[in-house]
Amino acid sequence: MAEIDHLSPTSIRMFDRCPRQWMYRYVQGRKLRPAGALIVGGSYHAALEMWGTKKLETGKDLDADTLADKYIDEFDRRAGEEDVDWEGESPVAERDRGVRLVRAHRRQRATSLKPVWVEADVPVDILDADGQSLGRLVQRLDFYGVDGVVRDFKTSSKKPGAAEVEQSNQLTSYYGATKLHLAAQGIQADPPVALEVAVDYKTRPAEVYVAQARRTEEDWREWLEHVAAIYRMIRADIFPRNTEGWHCSPQKCGYFHLCRPHRILSIPAARVAG
Ligand code: SF4
């Protein structure tokens, strides 16, 4: 039986995509080389964490050069510590891309955002039907502002679509965790959730897209049921393959050679008639 005591929205997204992939990563501990985009995203997040923390302390925004320097320090550290899969991109180009993203946040968004708290860890106990704890749902909330909105900062190669924001389980998780965090401080609220996605373009300046959405108590309850169902599958060692979709290919799944070696030889022969 797999012994897992916490899940995060990110690891749950992997489980939803393919339970077998999740098993290789979290039960067998087979960590894959991180992609360059992950190094950019993590370093961007570290720069924004410094911006939010300082703004909370002083009420002032750090300047763009200071944030860019923080980003570069983080990028160099992470890139130096990991065997990164740059996926054909140059590390220098990836580093510069993140600098443009950080500057876009500072230019477009920083001044108007005023924090109440930043980087809050909110663990949630996931209970079985009989009230027994299955484990925890853990997440770090990026930013809660004086406008009462909880915000998730991300980087991406494309503008987020409306469906992505409406259907994001991570935002539902943000909503419920924020509600609990506020309730612990004696505040009853139904916080709107927002995704702030920084996107770099080759031919025009980087931009930050903001998409706001609502979640309800029902959405939160559904999400907790979903997390509980995943815990039950993990406890029962149920990790079916999900072979249908973009994620299941030798290029997209780093476990393909373990999981479906027979398909590596046969894939080039696949054709669609007509
Ligand atoms: S090869 Fe396909 S089925 Fe196997 S772990 Fe990867 S995504 Fe899942």
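**Entry 1: a pair across two strands.** I began with phenylalanine 153 and found that this residue stands opposite glutamate 196 in β7. I note at the outset that the model is predicted, and I read each entry below with that in mind. Looking along the two strands, I found that β6 and β7 pair in the parallel sense, over seven bridges. I reminded myself that strands of a sheet pair through backbone hydrogen bonds, either parallel or antiparallel.

Entry 2: I then followed β7, which covers residues 193–199, to its other partner, and found seven bridges that join β7 to β8 in the antiparallel sense. How many of the seven residues of β7 are buried? I found six of them buried, so β7 is largely enclosed by the rest of the structure.

**Entry 3: the sheet as a whole.** Stepping back, I traced an open sheet of five strands in the order β2-β5-β6-β7-β8, and its pairing is mixed. The edges are β2 (115–121) and β8 (207–213), each of which pairs on one side only. From one strand to the next the twist averages 25 degrees.

**Entry 4: helices on the sheet.** I next asked which strands helix α3 lies across. Helix α3, residues 36–58, lies across β2, β5 (140–145), β6 (150–156) and β7, and it runs at about 135 degrees to β2. Helix α7, residues 169–184, also packs on the sheet, where it touches β2, β5, β6, β7 and β8, and its direction makes about 150 degrees with that of β6.

**Entry 5: α3 against α5.** I returned to α3 to look at its contact with another helix, and found that α3 and α5 pack at an angle of about 35 degrees, with axes 10 Å apart. The crossing of α3 and α5 is right-handed. On the α3 side the contact is made by Gly36, Ile39, Val40, Ser43, Tyr44, Ala47 and Leu48, and on the α5 side by Pro91, Glu94, Arg97, Gly98, Leu101, Val102 and His105. Sorted by class, the residues of this contact are eight nonpolar, four polar and two charged.

**Entry 6: α4 against α5.** Helix α5 (residues 91–108) also meets helix α4 (residues 64–81), and I noted that their axes come within 9 Å and cross at roughly 145 degrees. This crossing, too, is right-handed. From α4 the contact draws on Ala64, Leu67, Ala68, Tyr71, Ile72, Phe75 and Ala79, and from α5 on Pro91, Arg95, Gly98, Val99, Val102, Arg103 and Arg106. The contact of α4 with α5 holds 10 nonpolar residues, one polar and three charged.

**Entry 7: two glutamates with positive phi.** I kept in mind that most residues other than glycine have a negative phi. Glutamate 87 has a phi near 50 degrees, a positive value in a residue other than glycine, and it sits in the loop between α4 and α5. Is glutamate 87 buried or exposed? I counted glutamate 87 as exposed, because it has 11 C-beta neighbours inside 10 Å, and a residue with 12 or fewer falls in that class. Glutamate 119 likewise has a positive phi, near 50 degrees, but I found this residue in strand β2. Its 16 C-beta neighbours inside 10 Å make glutamate 119 partly exposed.

**Entry 8: glycine 135.** I looked up glycine 135 in strand β4, which covers residues 133–137. Why does glycine 135 count as buried? It has 20 other C-beta atoms within 10 Å, and 20 or more is the cut-off for a buried residue. Leaving out residues up to four places away in sequence, glycine 135 touches Ile4, Asp5, His6, Leu7, Ile126 and Tyr231. I also took one distance, and found glycine 135 and alanine 183 to be 48 residues apart in sequence and 21 Å apart in space, C-alpha to C-alpha.

**Entry 9: around the ligand.** Last, I looked at the ligand and found that 13 residues surround it, the closest being Cys18, Arg241, Cys248, Cys253 and Cys259. Helices α2 (19–27) and α9 (256–259) are the elements that give two or more residues to this shell. By class, the shell around the ligand is made of six nonpolar, four polar and three charged residues.

Notes. Residues are numbered from 1 along each chain as its sequence is written. This is a predicted model: local features need pLDDT of at least 70, side-chain atom pairs count only at pLDDT 80 or more; totals for chains, interfaces and linings use all residues. Two strands pair if DSSP finds at least two bridges between them. Helices (H or I, at least four residues) and strands (E, at least two) are DSSP runs, numbered from the N terminus. Axes are lines fitted to C-alpha atoms, for helices over the stretch in contact, and angles run from 0 to 180 degrees between N-to-C directions. Two residues are in contact if their C-beta atoms, placed from the backbone, lie within 7 Å. A crossing is left-handed if the near helix is turned anticlockwise from the far one by less than a right angle, and right-handed if clockwise. Ala, Val, Leu, Ile, Met, Phe, Trp, Tyr, Cys and Pro count as nonpolar, Asp, Glu, Lys and Arg as charged, and the others, Gly among them, as polar. A residue is near a molecule or strand if its C-beta atom, placed from the backbone, lies within 6 Å of it.
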